[in-house]
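The following note is intended for a colleague who is meeting this structure for the first time. Please read the numbered points alongside the sequence and the 3D view.

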Amino acid sequence: AGDEAFVDALPKVELHVHLEGSMLPGTVLALARRHQVEDIPTTETALADWYAFKDFDHFLRVYRTAVQVLRDEDDFALLARETALGLAAQNVRYAEMYFTPFIHTRRGIPIDEVFAGINRGRLEAQEATGVEIRWITDIPGGLPGVDILAVADLTVQFAVEHGGDSVIGLGVGGAEVGVPRPQFARAFGAAREAGLRSLPHAGETTGPRTIWDSIDELGADRIGHGIRCLDDPALVARLRADRIPLDVSPTSNLRTGVVADYPSHPLPTLIAEGLAVSINSDDPPMFGTTLRDEYLHALRDLGLSRAAVAELAAAAVRHSFLPEYRKNVLL
Ligand code: HPA
Ligand code: ZN
């Protein structure tokens, strides 16, 4: 009981959460019904079963099917508003949130409609609660039959056009296996030149090479996941020396099968190595978690002290791209 009050009292920042992975079960069911989308479970129980992922690729296939319930501007506004309000209810004050324009444009939904919707929802939630959301546009790796460099160009073009507004960074996600990071050097170079941050996923399902490439070729400002850095002591030394933060998501790693269970999760080791780390929810309803739950798991299942967990919350504030004067208010 004390743990919950402790976690609720921490002012929190979320650095790694996907908008499309944040659809509440009731919303998935309601939108699937409204738009008569096939291949989507029709009860909450069936949906929970559908979210029992065999491995990371299975998770990605379900993810790409689930997003099909998002059809029009109002759907995107609803999703962004609900997601932001859900964060506010957990005492999350600010979030840097991935969204993946191409998984919608490839289904024929105009990017302007998506963006108008998510910004409407974002601002409605901000007005109601004060919670602030900034977007990270994500390049989706591993889509079958897709020219990923063309997608990267479109994604960075969109990010650059809207950078300085509500978009703060460029990411690459989806599959890591078979999607080497150096090919995105030009896209990330253009984004960085425009003042956007470089926020690639790396070292979740592949090893140190992907993280090295994200640092050396993409100029990573933070690494999404990055837990496999522990396979290479020289990489750990580099991350520590350059203070490149890792956005760690323990329950995500368990549910996609990249880590076996909480006791074997590397978060305590990453901390002991002196790395800059925060904890995050990634795709909370799909993984049966929330950011609040991640903090509770850190206390109860990863063996971290309250002081260590408070430090994780402060680290997320420091690793964010809030202006310094705004960080000071939260620290
Ligand atoms: N990794 C890669 N891509 C993703 C993830 C993730 O954890 N979540 C949603 N898209
Ligand atoms: Zn992610």
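1. Handedness of a helix pair. In this predicted model, helix H5 passes helix H7 in a right-handed crossing. The axes of H5 (residues 73-88) and H7 (residues 111-129) come within 7 Å and cross at roughly 35 degrees.

2. Residues of that contact. On the H5 side the contact includes Phe76, Leu78, Leu79 and Leu85, together with charged residues such as Glu73 and Arg81.

3. Overall fold. The protein chain contains 16 helices and nine strands. Its radius of gyration is 18 Å, close to the 20 Å that the globule rule gives for 331 residues, so the chain is as compact as a globular protein of that length. The C-alpha trace spans about 50 × 50 × 40 Å along its principal axes.

4. Burial and contact range. Of the 331 residues in the protein chain, 49% are buried. Among contacts with a separation of 6 or more, 74% are between residues 24 or more positions apart.

5. Surroundings of the ligand. Which residues surround ligand 1? They are His18, Gly21, Tyr63, Gly173, Gly174, His201, Glu204, Ser252, Asp282 and Asp283. By class, this shell has one nonpolar, six polar and three charged residues.

6. A loop residue, Leu218. Is Leu218 buried or exposed? Leu218 has 25 C-beta neighbours inside 10 Å, and it counts as buried because the threshold is 20 or more. Its place is in the loop between helix H10 (208-216) and strand S7 (223-225). Leaving aside neighbours within four places in sequence, Leu218 is in contact with Arg181, Phe184, Ala185, Phe188, Ser198, Pro200 and Asp213. Gly189 is 29 residues from Leu218 in sequence, yet their C-alpha atoms are 7.0 Å apart in space.

7. Most residues other than glycine have a negative phi. Gln36, however, has a positive phi near 50 degrees, and lies in the loop between helix H2 (25-35) and helix H3 (44-50). Asp39, placed in the loop between H2 and H3, has a positive phi of about 70 degrees although it is not a glycine.

8. Exposure of these two residues. Gln36 is exposed, with 7 other C-beta atoms within 10 Å. Asp39 is also exposed, with 10 other C-beta atoms within 10 Å.

Technical notes: Residues numbered from 1 in each chain as written. Chains lettered and ligands numbered in written order. Predicted model: local features only at pLDDT ≥ 70, side-chain atom pairs only at ≥ 80, totals over all residues. Near = placed C-beta within 6 Å. Axes fitted to C-alpha atoms, helices over the stretch in contact; angles between N-to-C directions. Helix = DSSP H or I, 4+ residues; strand = E, 2+ residues; numbered from the N terminus. Left-handed = near helix turned anticlockwise from the far one by under 90°. Contact = placed C-beta atoms within 7 Å. Rg over C-alpha atoms; globule rule 2.2 N^0.38 Å. Buried ≥ 20, exposed ≤ 12 C-beta atoms within 10 Å, placed from the backbone.
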